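Have the sequence and the 3D view open as you read.

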Amino acid sequence: ADLTALDNVKGCIELQDTHINGATAVGTDDGGVTMRQGYLFVSDITGRPLDLKIGRYTLKYGNGDLLCSGDWGNASRHFDGAILTYRSDASTKIDLGYAELVNGDVNDDSTAGTNSGAGGNVTYPGRAAGIASDPDEDSDVYWLWITRKVSDEFTFDAYDIMEYDGESNYIGEAPYLNAVEPNPQVLAQGTLENQGHLKRHTTGLQLNWDNQDFYGNTSYNGQWGTIASDQIRAVGWSAYAGARFDREGLKHDLKAGVRYASGDGDANDRESTRFRPLFHGGAHEANGILDLVGWSNSVAKYVTYGVNPHEKVRVTASYIDLERYNDDDSWYNDAGAVLRTGKAFDSANPHPDEGMSGSRDIGEEVDVVINYKHSEFLDFEGGLGHFFKGRLAEDTANLPDAQFTYAQARLRF
């Protein structure tokens, strides 16, 4: 519901009801009735081009890779905070924001763990066990986001996003002084010394261009700061280009792209070089609808074809090739969980210990998604995805390929 109190003061209240049939536990995807948005928006403060949004709200900046509420799950993220916006002219907007996540994950720092990579059984950074389940321990997010419309075809974004948690909730690399094979869950193995707070910056640039027939996007992101006593030095970038054309009365769209995120080749050097996605909105076009590969220690190359056989129907088909970037680091899914750990491959032992492999080849995925817009208020979507396992999955476990299907309806009122 939208509310208007004064000419320059507006309010919004939006409820969200999420349930899982047959489930009794309350979690991220089964939270009952909650307030998804509830904020006040004040425009043209003191007659200047200055706006303020304060309360609970959803977010989407740029292409949604870093700061986005995300609507893929049963319950989307929402944030409590404030955004101050300055509009210098019709082509420039500057946002200064603060938020605390209300629900959903805190990127992929849920729990520290072990990675059997170079140097043996070593620890990769993350939150201390049990911390992530405490809603009062969520890190705060601050950002400066500048958008500049250079021309009718080009838009430029520059930004810095900082995650900060001043509590000593985080475990870094090689945290134990006296342990041979440290385990972050067993403190008795040694003296825990590498534990501290999180201060992670993601600084980046995005360039978007669109001249109706051709379009594209490229972004470069560097991460820096500290997690416990580790120095953060990571990189994530992406690029795509596409073309639109009409043929025989049908609208077609063809796009190709690549998406890269650095990994950590040495989990004992007190330097965290694995890129961590922040609050992303889901990159199914680049990484697949099965969510088996996230934007962390990965390289995704993809081609997408879309067609509109009817003005209300769109069919999209995608082919995606998925790899690890660094074979000494793990394979992480979209939620940041480790699916396979890293280990140098031994040609004399083509099938090493279960869960370990030196191959970079994760696999390939083919997806088909159909959208039907019945009206302004009602739309439907269904999808089918098939993951063809690569060498990494074959080396670590003799598991079959994976499939995923879904169907959903969305009613807005």
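Buried means under 20% relative accessible area, exposed means over 50%, and partly exposed is in between (1.4 Å probe, protein chains only). This is a predicted model, where local features need pLDDT of at least 70, side-chain atom pairs count only at pLDDT 80 or more, and totals for chains, interfaces and linings use all residues. Residues are numbered from 1 along each chain as its sequence is written, and side-chain values use heavy atoms, with hydrogens and water left out.

How many aromatic pairs does the structure hold? There are 12, where rings of Phe, Tyr and Trp (its six-membered ring) pair if their centres lie within 6.5 Å; planes under 30 degrees apart are stacked, over 60 edge-to-face, and the rest tilted. Two of these pairs look like this:

| Pair | Centres | Planes | Type |
|---|---|---|---|
| Tryptophan 145 and tyrosine 159 | 4.1 Å | 10 degrees | stacked |
| Tyrosine 260 and tyrosine 325 | 4.8 Å | 85 degrees | edge-to-face |

Ring pairs also link Trp145 and Tyr159 with Tyr61 and Trp143 into a cluster.

In the other pair, tyrosine 260 is buried at 12% relative accessible area, whereas tyrosine 325 is partly exposed at 35%.

Charges turn up over rings as well (NZ of Lys or CZ of Arg within 6 Å of the ring centre and within 35 degrees of the ring normal). The charged end of lysine 53 sits over tyrosine 39's ring, 4.6 Å from its centre, and that of arginine 259 sits over the ring of tryptophan 295, 4.1 Å from its centre.
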